[in-house]
Amino acid sequence: RIGPVLCSSGISGKDASTGKLPQEATAQARNAFANMAALLEAGGATTGDVVKLTVYARDDTVREAINAEWLRCFPDAADRPARHILLHDLQHGMWLQLEFIAVIQ
C-alpha cells in the first residue's frame with residue numbers, strides 16, 4: 001500500500017489454513033477470491049475499493065468458476081471493477097491467479 005493505493009502481486013488459490021493448492025478449479029477460485037478479500041482487509045480496504053482485477057487463467061475451462069466468485073464478490077453490475085482475463089501457462093497445478101488494484105476511500 002502506498003497512500004490510498006493498494007496493489008497485489010499474484011494471488012493463488014491455495015487454502016489459507018493449510019497452504020495447499022486444491023486440484024479442482026472451483027476450489028482454487030473460491031480460495032483465490034477469499035485470499036484477495038483477506039489481503040484487502042489487511043491493507044485497510046474492501047472489495048468495494050477494487051478498481052481493477054486481472055485474472056490469469058490456465059485455459060477457458062476455468063471461466064465458469066471465476067465468474068461464480070466474481071459475481072459473489074461483486075454482485076452489483078453497476079459497481080464492479082474493471083476486469084481482464086488473460087490465458088497464461090500457469091505452473092504447479094494452478095488454475096488461476098488474481099492481481100488487483102484498489103483505491104481506498
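Okay, quick definition to start: contact here means heavy atoms within 4.5 Å. Before the structure itself, this is a predicted model, where local features need pLDDT of at least 70, side-chain atom pairs count only at pLDDT 80 or more, and totals for chains, interfaces and linings use all residues. Residues are numbered from 1 along each chain as its sequence is written, and side-chain values use heavy atoms, with hydrogens and water left out.

So, the sheet. It's open, with four strands in the order β1-β4-β2-β3 and mixed pairing. Strands are DSSP runs of E, at least two residues, helices are H or I runs of at least four, and both are numbered from the N terminus; strands pair if DSSP finds at least two bridges between them. β1 (5–7) and β3 (82–87) sit at the edges with a single partner strand each, so one side of each has no neighbour in the sheet.

Now the helices. α1 packs on the sheet, touching β1, β2 and β4, and its direction makes about 25° with that of β4. α2 lies across β2, β3 and β4, at about 160° to β3. Those angles run from 0 to 180 degrees between N-to-C directions, with axes fitted to C-alpha atoms, for helices over the stretch in contact.

Not counting residues up to four places away in sequence, L53 touches F33, M36, W70, F74, A82, R83, H84, L98, E99 and F100. That's it from me.
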